[in-house]
Amino acid sequence: VLLEHQLLSEHAAAARVWRHRERIEREAAVLFDELASELAATGAPAALAGLARRAADDERDHAVRCRALVDAFDASLAPLEPRPPRLGPPELSRADRALYTSVAMGCVTETLSTAILIVMRDSVTDERVRETVHSIARDEVAHARLGWAHLAFAAERSPVAWLSEHVGGMLAAALATELPEQGVPRLDGLGVLSRDRVERAVRETTERVIVPGFARYAIETSALGHV
Ligand SMILES: [Fe+2]
Ligand SMILES: [Fe+2]
């Protein structure tokens with residue numbers, strides 16, 4: 001009976017985490033849809049806009065998958081209302097704001113989340129969670145690529161070093177969504193990593209992928225040094 005009770009409370013805790021992810025996926029879908037329109041409106045290559053549309057569809061699929069896990073673990077939890085943020089300072093031009101969005105979402109958030117999902121995938125024991133994490137991780141790689149591809153395209157036309165002053169804020173925003181809340185128990189088997197495992201994945205990916213990636217475009221990343 002005691003074991004059964006523990007399992008129930010673990011499932012209840014995991015359900016809340018997956019519900020939080022369901023909301024994040026819904027918000028990402030809105031942001032990628034907007035990005036696709038902005039890319040089309042500002043003369044970016046059709047391939048980039050196409051990647052953004054595809055990413056929005058993927059995020060909707062991820063949200064459905066997250067919801068299936070919520071229902072499996074605690075069907076009483078209703079979805080949270082998505083609240084997509086408006087990314088970037090208001091004074092940016094439309095094209096620069098689209099670039100800001102691509103870089104924040106693709107180069108920072110999706111790059112980190114790919115790394116975190118790969119760590120997660122290796123510790124999951126629940127079959128349903130494993131399937132979901134595997135499928136989401138595969139798509140997030142493509143979303144990260146959209147960011148890096150947009151950055152490469154923009155950098156060929158004009159300097160992108162103005163992004164330097166924003167990368168610290170982008171990382172902070174990504175961490176706010178990726179890091180597990182304080183007090184959430186560690187449930188690796190159900191796709192809930194401990195904070196320090198997430199922090200380690202973030203640190204390694206920042207050092208090995210994000211900092212060198214930005215350095216190629218003369219984007220200053222000293223603000224990322226204190227992760
Ligand atoms: Fe996603
Ligand atoms: Fe994504």
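Colleague: Where does L87 lie?
Modeller: Helices here are DSSP runs (H or I, at least four residues), and strands are E runs of at least two, numbered from the N terminus. On that numbering, L87 lies in the loop between helix 2 and helix 3.

Colleague: Before we go on, what kind of model is this?
Modeller: Residues are numbered from 1 along each chain as its sequence is written, and chains are lettered from A and ligands numbered from 1 in the order in which they are written. Side-chain values use heavy atoms, with hydrogens and water left out, local features need pLDDT of at least 70, side-chain atom pairs count only at pLDDT 80 or more, and totals for chains, interfaces and linings use all residues, for this is a predicted model.

Colleague: Which residues is L87 in contact with, leaving aside neighbours within four places in sequence?
Modeller: Contact means heavy atoms within 4.5 Å. L87 and S102 are 15 residues apart in sequence, and their C-alpha atoms are 9.8 Å apart in space. With neighbours within four places set aside, the contacts of L87 are L31, R97, Y100, T101, A104 and M105.

Colleague: At what angle do helix 3 and helix 5 pack?
Modeller: Axes are lines fitted to C-alpha atoms, for helices over the stretch in contact, and angles run from 0 to 180 degrees between N-to-C directions. Helix 5 covers residues 167-178. Its axis and that of helix 3 are 10 Å apart, at an angle of about 45°.

Colleague: Why is helix 3 called oblique to helix 5, and which hand is the crossing?
Modeller: Under 35 degrees counts as roughly parallel, over 145 as roughly antiparallel, 65 to 115 as roughly perpendicular and the rest as oblique. The angle is about 45°, so helix 3 is oblique to helix 5. A crossing is left-handed if the near helix is turned anticlockwise from the far one by less than a right angle, and right-handed if clockwise. This crossing is right-handed.

Colleague: Which residues of helix 5 make the contact with helix 3?
Modeller: Helix 3 brings Y100, V103, A104, V108, T109, L112, S113 and I116. By class, the contact has nine nonpolar, two polar and one charged residues. Nonpolar covers Ala, Val, Leu, Ile, Met, Phe, Trp, Tyr, Cys and Pro; charged covers Asp, Glu, Lys and Arg; the others, Gly among them, are polar. From helix 5 come M170, L171, A174 and E178.

Colleague: How does helix 3 cross helix 6, and what classes of residue meet there?
Modeller: The axes of helix 3 and helix 6 (residues 195-215) come within 9 Å and cross at roughly 140°, which makes helix 3 oblique to helix 6. The crossing is right-handed. Among the residues that meet are V103 and L112 in helix 3 and V198 and F214 in helix 6. The contact divides into 13 nonpolar, four polar and one charged.

Colleague: How is helix 2 placed against helix 4?
Modeller: Helix 4 covers residues 127-157, and its axis comes within 10 Å of that of helix 2. They cross at roughly 155°, in a left-handed crossing. Helix 2 is therefore roughly antiparallel to helix 4.

Colleague: How many salt bridges are there?
Modeller: Side chains of opposite charge can pair when their charged atoms come close. The rule for a salt bridge is a side-chain nitrogen of Lys or Arg within 4 Å of a carboxyl oxygen of Asp or Glu. By this rule the count is 13.

Colleague: Which parts does the R94 and E38 pair tie together?
Modeller: Their side chains meet in a salt bridge, 2.8 Å from N to O. R94 lies in helix 3 (residues 94-123) and E38 in helix 1 (residues 2-41), so the pair ties together parts 56 residues apart in sequence: helix 3 and helix 1.

Colleague: Is R67 buried or exposed?
Modeller: R67 meets D71 in a salt bridge at 2.9 Å, N to O. Both lie in helix 2 (residues 46-74), four residues apart, about one turn of the helix. Buried means under 20% relative accessible area, exposed over 50%, partly exposed in between (1.4 Å probe, protein chains only). D71, at 37%, is partly exposed, whereas R67, at 14%, is buried.

Colleague: What is phi of A218 near?
Modeller: A218 lies in the segment after helix 6 and is exposed, at 55% relative accessible area. Most residues other than glycine have a negative phi. A218 has a positive value, near 60°.
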